[in-house]
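Please look over the sequence and the model below.

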2 protein chains.
Amino acid sequence: MNKIIVLNSRPVGKPQKHDFKFIIDGMPINGDGEVLMKTRFVSVDPYLRGRMSEAKSYIQPFELNQPISSGIIAEVIESNNAKLAKGDFVSGMLQWKEYQVSTGENLLIVNPEVAPLSAYLGILGMTGLTAYLGLTEIGKPKREETLVVSGAAGAVGMVTGQIGKILGCHVVGIAGTDDKCEILKSKFGFDEAINYNTSKNIRKAIAMACPNGVDIYFDNVGGDISDGVLVNINKYARVIICGAISQYNATSMPVGPRLQPLLLKNSALMQGFIIGNYATKFQEAVKILTSWLKEGKLVNHETIVEGFDQIPQAFIDLFDGKNTGKMVVRVG
Amino acid sequence: MNKIIVLNSRPVGKPQKHDFKFIIDGMPINGDGEVLMKTRFVSVDPYLRGRMSEAKSYIQPFELNQPISSGIIAEVIESNNAKLAKGDFVSGMLQWKEYQVSTGENLLIVNPEVAPLSAYLGILGMTGLTAYLGLTEIGKPKREETLVVSGAAGAVGMVTGQIGKILGCHVVGIAGTDDKCEILKSKFGFDEAINYNTSKNIRKAIAMACPNGVDIYFDNVGGDISDGVLVNINKYARVIICGAISQYNATSMPVGPRLQPLLLKNSALMQGFIIGNYATKFQEAVKILTSWLKEGKLVNHETIVEGFDQIPQAFIDLFDGKNTGKMVVRVG
């Protein structure tokens, strides 16, 4: 017996539980060259919201009544594939199923002795790579510069800020609760943290926290928070558009202050990216992240939710900021 | 007797004639090491609007009751400076005065035998450099790519589009009259031209004119026109923010569709610049522009207004798009 989660309806606004449907199927059988895998950890990520809409974006939309997929760590439990042995753990873009088969293509063996398995979905996986490559390739941080990170207590944000510190920046994080702000400073070493829910004026709060202005803004959220940051940018500022979680559930075209005059006045750069653009740099980046993690320069933090059945709720909770660090679901 | 134009009041909205004041002063006298110069051509440019406001930008605001300055070609009529002879023509950031003195610092001798004097304010001056360096340094055009230029019949736009053609792009211009659109195609070789005043839907017009989408957008205007272009950008598009003339007279914060989701979806880059950022590349760029002009690959076009007294009106007329090509004032 195999449990599968399919897209039941395309969310309107914030995703709801009824947008997901559980299906019971027979146990899959691995054919020639294939492995049978049991899901161990499932990554839930804000960008999946985009794939649940019909609109084409940088990746294909999910299809209705078909399984959803995301980053998954699975254990090989039967193998007809010479490259993968029973007991191996693999990471890949897999489906929300308790069990599934694969030819092994696009799967990466991960080593639980180097780091906990879930880390390969986060700090040593897509979110860590996103933080590292977005910050270094677009942000090009220099020592003494000021880096502001929004969604700072999220999976990407917490890594971005820590890398900013490693590279010698003054780092200011923006998050949604006092607890998160506390962790940003005490656990991740951010210089300053701003709670956007209690701050009366983000623009002024940023000005206070960034006495030398903002050189780099790593933006995970968009919307009003970003408006408040952007009026504080310096000449030659770099604005990295990594995510816009505040806009993903919008049901009409979001509007805001026009940015062109601000970019013009400051000779500033704003660039969107997806991590796939930098695929040739993954290997090198993972090596660096792994060594920083081992040396204790980089600290990991996860919100682990228990049980396959909780995957939809864990995903929904991202939009209420219920996670600190990477949100992953552990499957028994 | 010397006529001088000073800033009488900071414009609110569109500049008016009463924002400028004519003053009569005595004839200046050139001291040791100085030259006395007679103004021959005065450049009026949209960016001067920014300096008339109090807000600090990338250059200091003009002061009230002080002369306005802009790019000027002047003739040396008396010289106590070994480097400049009577009869030399110079280009520099000078004041709106019929006569003025200078130590010669930051003045460049220009040769009327290589190109008409006014060209040194336009196609071989700041606007030509702005077009060339903005397009090549930020836009990095590749053959077969599609380049859209707004304000295409303006001083920078007409050069940008022509350079796009020289570099092998499919070039689409946006301008405000049918006459301008006609010139874009017949004189400057643009592939397509869109009249934003008669086009019902810029988004669709751009989609029609750019069957392969928009790879590079050289933006001189901002506002609604840019909204219509930006929804048509391709993956890895480069958006060059050179000007935002539609916004310069705004009396409240302009709002529009948020751009971050669009940049994210397309891994697109948007960058503002001012020409001073590329000062080290001026010499090389002028050489290239001059040779293209000589070879006839690049065509010049100016709107020449006659008389010192017409400088304020010529400036005001920029905001009604009364110029085609570079707007300059000839002083008798």
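## Packing and contacts in a predicted two-chain model

The buried residues of α9(A) are covered by several elements of chain A, including β1 (2–7), β2 (20–25), β3 (35–43), α1 (48–52), β15 (302–306) and β16 (326–330). Helices (H or I, at least four residues) and strands (E, at least two) are DSSP runs, numbered from the N terminus. This is a predicted model, in which local features need pLDDT of at least 70 and side-chain atom pairs count only at pLDDT 80 or more, while totals for chains, interfaces and linings use all residues. Residues are numbered from 1 along each chain as its sequence is written, and chains are lettered from A and ligands numbered from 1 in the order in which they are written.

Helix α9 of chain A spans residues 311–318. Its buried residues are A:Ile311, A:Pro312, A:Ala314, A:Phe315 and A:Leu318. Viewed down the axis of α9(A), these residues fall within an arc of 165 degrees, so they line one face of the helix. The arc is that of the directions from the helix axis to the C-beta atoms. A residue is buried if 20 or more other C-beta atoms lie within 10 Å of its own, exposed if 12 or fewer, and partly exposed in between; C-beta atoms are placed from the backbone.

Helix α5 of chain B (residues 202–209) has B:Ile202, B:Ala205, B:Ile206 and B:Ala209 buried. Down the axis of α5(B), the buried residues fall within an arc of 100 degrees, so they too line one face of their helix. They pack against β8 (146–150), β9 (170–175), β10 (192–195), β11 (214–219) and α6 (223–230) of chain B. Two residues are in contact if their C-beta atoms, placed from the backbone, lie within 7 Å.

**A helix pair in chain B**

Two packed helices are described by the angle between their axes and the distance between the axes. In chain B, the axes of α2 (residues 126–139) and α8 (residues 282–295) come within 10 Å and cross at roughly 100 degrees. That makes α2(B) roughly perpendicular to α8(B). Axes are lines fitted to C-alpha atoms, for helices over the stretch in contact, and angles run from 0 to 180 degrees between N-to-C directions. Angles under 35 degrees count as roughly parallel, over 145 as roughly antiparallel, 65 to 115 as roughly perpendicular and the rest as oblique.

On the α2(B) side, the contact is made by B:Gly128, B:Leu129, B:Tyr132 and B:Leu133. From α8(B) come B:Phe282, B:Ala285, B:Ile288 and B:Leu289. By class, the contact has 7 nonpolar residues, 1 polar and no charged. Ala, Val, Leu, Ile, Met, Phe, Trp, Tyr, Cys and Pro count as nonpolar, Asp, Glu, Lys and Arg as charged, and the others, Gly among them, as polar.

**Domains and chains**

Chain A is divided into domain 1 (2–122 + 301–330) and domain 2 (126–276). The bounds come from an automatic or database domain assignment. The C-alpha centres of the two domains of chain A lie 28 Å apart. Contact between them involves 18 residues of domain 1 and 17 residues of domain 2. On the domain 1 side, α1 and β16 of chain A are the elements that give two or more residues. That side has 6 nonpolar, 9 polar and 3 charged residues.

Between the chains, 30 residues of chain B are in contact with 30 residues of chain A. The elements of chain B that give two or more residues to its side are β13 (255–257), α7 (260–266) and β14 (269–272). Of these, α7(B) gives the most, with 6 residues. The chain B side divides into 16 nonpolar, 11 polar and 3 charged residues.

**Loop residues**

| Residue | Phi | Loop |
|---|---|---|
| B:Glu144 | about 80 degrees | between α2 and β8 of chain B |

A:Asn65 is exposed, with 11 C-beta neighbours inside 10 Å. B:Glu144 is exposed, with 10 other C-beta atoms within 10 Å.

B:Ala244 sits in the loop between β12 (233–241) and β13 of chain B. With 28 C-beta neighbours inside 10 Å, B:Ala244 counts as buried. Beyond four places in sequence, B:Ala244 touches A:Gln260, A:Pro261, A:Leu264, B:Val221 and B:Gly222.
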